[in-house]
Amino acid sequence: MPELPEVEIARRNLVRWFDGHRLVRAEADDTRIFRGAERAEFTRIRGRLTSLVRRGKYLLFAFEDGHGVLGHLGMTGKFVRRKEGDEVRFSRARFHLDDGHVLHFADARMFGRMEPAPAASLRSLDVVKALGRDPLADGLTAGQLAEAVGTSKQDLKVALMDQGRIAGLGNIHAAEALFRAHLHPARKPSTLTPDDWKRLVQAIRESIDFGLEEQEGEEPVYLEEGGSENPFLVYGRGDGPCSRCGSTVESFPQAGRTTYACPKCQPRGRVGK
Ligand SMILES: [Zn+2]
């Protein structure tokens with residue numbers, strides 16, 4: 001499922017693909033990715049992409065004609081570039097460019113969203129204003145992380161995935177960051193020491209950097225789609241050996257999602273390693 005790194009790679013690809021080119025036709029199929037009058041509005045967009053900003057897992061498209069789109073990749077959404085006339089599986093919406101390429105928004109499960117809105121209003125949309133600090137776009141210090149997450153009464157991993165506290169982390173990168181920081185996902189944020197927050201902020205950076213390197217390239221591949229090796233340190237490794245110490249990785253449900261942790265590297269009670 002796309003999280004901050006995957007959405008950032010989508011942003012970089014789109015900026016590169018649009019560079020120097022104009023959108024000559026926008027198409028939208030009749031799916032739940034668009035609601036109400038959104039399809040008709042989407043098809044009116046024309047011209048150059050003047051900016052594409054990522055906030056957490058959202059993409060804010062601004063076009064020179066004043067149109068904008070708030071995009072979310074959902075669970076399986078991705079942008080791919082093809083020559084005009086080429087078929088793309090699960091293509092739901094398309095930007096036709098003046099260079100003979102088509103940028104498809106492909107989304108098998110259709111939890112993604114494309115919400116047209118005036119470009120000037122994107123940053124003031126409620127869902128965007130509600131986002132917490134973005135570790136990549138805004139930078140994040142240990143103190144800012146402690147302030148944003150430390151007051152949560154929820155388990156640490158659930159609090160890290162709360163987009164209103166920190167924007168962009170999901171089930172994969174929250175689990176990976178906690179493993180890197182030697183912190184158990186079920187720790188309560190209020191029990192963390194300044195050293196824990198320092199390790200965690202560093203671990204979040206490393207996990208995002210790793211995700212960016214992993215997804216670099218033209219064709220995004222998500223782990224859930226199969227066909228690729230699991231590149232992660234702990235995520236998806238339940239009942240297998242810990243990549244660091246060899247202990248058996250545990251998996252357990254947490255707020256409705258499966259969480260992975262090494263019982264030795266990420267002790268429940270103790271502080272740190
Ligand atoms: Zn371990």
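In this predicted model, the C-alpha centres of domain 1 and domain 2 lie 28 Å apart. To find these two parts in the chain, look for residues 4–129, which form domain 1, and residues 142–261, which form domain 2.

How do the two domains meet? On one side, 20 residues of domain 1 take part, and they are in contact with 18 residues of domain 2. The size of an interface is often given as the accessible area lost when the parts come together. Here, domain 1 and domain 2 bury about 1,500 Å² between them, and 54% of that area is on carbon and sulfur atoms.

Now let us turn to a pair of helices. Two packed helices are described by the angle between their axes and the distance between the axes. Helix H6 covers residues 171–180 and helix H7 covers residues 194–215; their axes come within 8 Å and cross at roughly 130°.

Finally, see which residues touch. From H6 come His 173, Glu 176, Ala 177, Leu 178 and Arg 180, and they meet Leu 200, Ala 203, Ile 204, Glu 206, Ser 207, Phe 210 and Gly 211 in H7. Sorted by class, this contact of H6 with H7 has six nonpolar, three polar and three charged residues.

Terms used: Residues numbered from 1 in each chain as written. Predicted model: local features only at pLDDT ≥ 70, side-chain atom pairs only at ≥ 80, totals over all residues. Heavy atoms only, no water. Axes fitted to C-alpha atoms, helices over the stretch in contact; angles between N-to-C directions. Helix = DSSP H or I, 4+ residues; strand = E, 2+ residues; numbered from the N terminus. Contact = heavy atoms within 4.5 Å. Nonpolar A, V, L, I, M, F, W, Y, C, P; charged D, E, K, R; others polar. Domains from an automatic or database assignment. Buried area = accessible area lost by both parts, 1.4 Å probe.
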